[in-house]
Amino acid sequence: EYDFGGIVDNIDFIPAYIPNGSKIRNQFQMDASTSTIFLKLVGHTKILGDFVVYTAGNFRDGSNKGFQLRNAYVSFRDVTVGYTYGGFMDLGAMPSTIDFQGPNGATFYRATQVAYTYKGLKDFRFNASVEVPAVDGTTNNDVAINTQRMPDFAASAQFNWNSSSHIKLGAIVRNMTYSSNVHEKAYSATGFGLQASTTFNITKKLQAYGQFNYGKGIGSYLNDLSNLNVDIVPDPDKEGKMQVLPMLGWYAGLQYNLCPSIFISGTYSLSRLYSENGYPSENPESYRKGQYLVANAFWNVSSNLQVGVEYLRGWRTDFSSATRHANRLNMLVQYSF
């Protein structure tokens with residue numbers, strides 16, 4: 001990957017990481033850490049019926065390229081128990097990108113959970129999950145984030161009208177615990193998220209996809225905002241108290257299949273953090289909005305080998321209205337076996 005006309009200070013193209021006032025305008029990087037190893041066991045028992053045990057990991061454990069667990073779960077009788085993709089997301093509506101993170105306004109996360117999927121109605125699928133929360137907030141001398149007392153609760157409903165078209169509605173509710181050194185007690189702040197996503201055929205070769213997310217205190221689950229510790233933040237108007245901020249993220253894109261082995265796609269995405277009660281009065285250079293534009297082409301040379309090329313442009317706008325941008329060219333070679 002090669003950055004030009006501005007850089008992103010990360011191996012992934014994260015608009016939130018476009019540096020302020022950097023003298024470096026170009027950057028060359030290579031990465032093999034997304035190489036993945038997985039093990040899948042499929043079986044049948046009288047008690048569990050058909051079951052799947054799945055584990056997977058890659059080498060994205062910081063700069064040391066250590067092995068990191070990405071999935072570890074067992075699934076049986078429409079129940080999933082373990083560590084896997086969260087219920088407040090839609091993998092089926094995500095665009096293909098060489099950039100590992102993907103659109104900055106998309107929801108993407110993993111959680112340890114117990115989930116149940118109901119498939120009893122034709123063309124419909126309902127899912128509910130109880131998940132271990134990830135709470136990343138900004139703290140100061142007056143407040144601290146401690147052990148969480150409540151899980152996250154996520155639910156969704158999906159309607160499919162053919163094998164490659166669906167619409168999905170989802171929601172998440174979370175209760176985040178923090179302690180106040182001023183009041184010498186623990187408090188909770190309630191967050192929520194609403195989601196709508198879809199993918200559908202426009203023609204036999206043209207596919208559309210998109211997602212819209214809005215809520216309060218869901219920063220850990222939105223791609224750009226998950227890097228900023230904004231699930232809960234200090235309330236400037238109330239000493240020793242924290243608050244949840246409104247936030248949104250969305251993307252929309254198209255994919256055109258030139259032939260069975262070659263396709264091109266383009267996606268625009270936006271992530272936005274809103275201000276309440278004077279936030280961020282002490283730091284006007286805090287992140288307010290990020291934009292993400294990607295265009296790419298993929299060629300499946302064989303059933304095992306894929307190559308691709310991609311252009312990315314990102315913008316970061318702060319609460320001070322200052323905007324900075326970056327560009328990146330990605331190239332990919334992937335061999336699966």
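Predicted model: local features only at pLDDT ≥ 70, side-chain atom pairs only at ≥ 80, totals over all residues.
# Notebook: strands, rings and a nonpolar patch

I started at glutamine 207, which stands opposite glutamine 255 in S16. Strands here are DSSP runs of E with at least two residues (helices are H or I with at least four), numbered from the N terminus. Residues are numbered from 1 along each chain as its sequence is written, and side-chain values use heavy atoms, with hydrogens and water left out.

**Strand pairing**

Strand S13 (residues 206-216) runs antiparallel to strand S16 (residues 246-259), and 11 bridges join them. Two strands pair when DSSP finds at least two bridges between them. S16 also pairs with strand S17 (residues 262-273), again in the antiparallel sense, over 12 bridges. Here tyrosine 251 has serine 269 in S17 as its bridge partner. I find a hairpin between S16 and S17, with two residues making the link.

Which residue stands opposite isoleucine 172 in S12? I found glycine 193 there. The strands concerned are S11 (residues 165-180) and S12 (residues 185-201), an antiparallel pair with 15 bridges. Their hairpin has four residues between the strands, and glutamate 184 in that hairpin takes a positive phi near 55°.

S12 and S13 run antiparallel and are joined by 10 bridges. A hairpin of four residues links S12 to S13.

**Aromatic rings**

I then turned to the rings and found 16 aromatic pairs in the structure. One of them is tyrosine 118 with phenylalanine 126, a tilted pair at 6.4 Å centre to centre and 35° between the planes. Rings of Phe, Tyr and Trp (its six-membered ring) pair with centres within 6.5 Å; planes under 30 degrees apart are stacked, over 60 edge-to-face, and the rest tilted.

Is tyrosine 118 buried or partly exposed? Tyrosine 118 is partly exposed because its relative accessible area is 39%, and phenylalanine 126 is partly exposed too, at 31%. The cut-offs are under 20% for buried, over 50% for exposed and in between for partly exposed (1.4 Å probe, protein chains only). Both residues belong to one aromatic cluster, together with Phe124, Phe159 and Trp161.

Elsewhere, lysine 241 lies over the face of tyrosine 187, at 4.7 Å from the ring centre. For that label, NZ of Lys or CZ of Arg must be within 6 Å of the ring centre and within 35 degrees of the ring normal.

**Nonpolar patch**

Which residues make the nonpolar surface patch of about 850 Å²? I list Tyr2, Phe4, Phe28, Met30, Val309, Tyr311, Leu329 and Met331. Strands S1 (2-4), S19 (305-318) and S20 (323-335) each supply at least two of the patch residues. Tyrosine 311 sits in strand S19 and counts as partly exposed because its relative accessibility is 31%.

**A buried asparagine**

Last, I checked asparagine 71 in strand S5 (residues 66-76). Asparagine 71 is buried because its relative accessible area is 3%. Its C-alpha lies 18 Å from that of serine 220, which is 149 residues apart along the chain.

Definitions and conventions: Patch = residues over 30% accessible without salt bridge, like charges linked within 9 Å, V, L, I, M, F, W, Y side chains within 5 Å. Areas by Shrake-Rupley, 256 points an atom, 1.4 Å probe, with all protein chains shown as cover. Salt bridge = Lys/Arg side-chain N within 4 Å of Asp/Glu carboxyl O.
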